[in-house]
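Subject: Handover of a structure

Dear colleague,

Please find below the structure that I am passing on to you. My notes on it follow directly after.

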Amino acid sequence: MKTTPLTDIHRLTWTALMAALIAAGACVNLPIGPVPVSMQTFFVALAGFVLGPRRGALAVGLYLLAGAVGLPVFAGGRSGLGHLFGPTGGFLVGFAAYAIIAGLARTDDGISWARGFVFGILGMVLLFLMGAAWLKFSLNLTWTRAWALGVAPFLLWGLIKTSLAVIAGRYLVRAGLLPASA
Ligand SMILES: O=C(O)CCCC[C@@H]1SC[C@@H]2NC(=O)N[C@@H]21
């Protein structure tokens with residue numbers, strides 16, 4: 001894909017925008033237990049799809065940094081380093097892994113349906129593994145309880161959000177709104 005001197009600014013703008021959108025996704029918050037329903041993962045997957053693995057992870061890193069220094073960007077308007085080490089900390093760190101894996105779907109030709117779904121779902125599986133494992137140890141739960149509180153309620157919702165992120169990512173690429181992926 002052709003790059004110009006403005007490409008870096010374009011990429012930086014999209015990286016900051018995706019970090020802000022992940023924060024906006026945290027405002028959609030339904031507290032159903034220690035792990036709330038939220039829209040963060042839709043924007044995390046989208047960050048990977050539109051920015052690729054490195055910049056997708058950078059957008060998540062910016063988001064986590066904003067939360068760690070005190071901006072109320074985590075689910076339910078929470079913030080602080082303490083929250084990163086709380087029960088949902090595995091999900092928060094897992095967002096970076098999710099963006100990296102989803103970002104592997106992005107090529108210079110865009111995001112194919114197959115790559116979008118394969119990498120989107122793989123990333124989601126890794127996110128749930130990290131989230132559930134940390135939830136289990138931080139609350140001293142059994143694996144069954146960690147599955148019931150941290151995975152089962154979100155699986156279908158996660159598949160829907162991943163699919164919507166593939167659709168949105170493909171739309172943004174086709175609209176010519178995105179910077180070169182490399
Ligand atoms: O404390 C936070 O800000 C992180 C919340 C994590 C919510 C997880 S992400 C995967 C799963 N899907 C949801 O809608 N909620 C959980």
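His83 sits in helix H3, which covers residues 81–84; helices here are DSSP runs of H or I with at least four residues, numbered from the N terminus. This is a predicted model, in which local features need pLDDT of at least 70 and side-chain atom pairs count only at pLDDT 80 or more, while totals for chains, interfaces and linings use all residues. Residues are numbered from 1 along each chain as its sequence is written, and side-chain values use heavy atoms, with hydrogens and water left out.

His83 counts as buried because its relative accessibility is 17%; buried means under 20% relative accessible area, exposed over 50% and partly exposed in between, with a 1.4 Å probe and protein chains only. Leaving aside neighbours within four places in sequence, His83 is in contact (heavy atoms within 4.5 Å) with Phe74, Arg78, Thr88, Gly89 and Leu92. The side chains of His83 and Thr88 are also joined by a polar contact of 3.4 Å. A polar contact is a pair of N or O atoms within 3.5 Å; within protein, one must be able to donate a hydrogen and the other to accept it, and residues adjacent in sequence count only if both atoms are side-chain atoms.

A backbone N or O atom of Ser38 is 2.9 Å from a ligand oxygen atom. From the side chains, an N or O atom of Gln40 lies 2.9 Å from an oxygen atom of the ligand, and one of Lys161 lies 3.1 Å from an oxygen atom of the ligand.

Helix H2 spans residues 40–68, yet the end C-alpha atoms of its 29 residues are only 16 Å apart, whereas a straight helix would reach 42 Å at 1.5 Å a residue, the expected span being 1.5 Å times one less than the number of residues. H2 bends by about 130° at Gly52, with Pro53 following within four residues; the bend is the angle between axes fitted to the seven residues ending there and the seven starting there. Of the 29 residues in H2, 21 are buried.

Finally, Tyr98 belongs to helix H4, residues 89–103, and counts as buried because its relative accessibility is 1%. Its side chain makes a polar contact of 2.9 Å with that of Thr162. The C-alpha atoms of Tyr98 and Val44 are 7.0 Å apart, although 54 residues separate them along the chain.

With kind regards

How values were computed:
Helix = DSSP H or I, 4+ residues; strand = E, 2+ residues; numbered from the N terminus.
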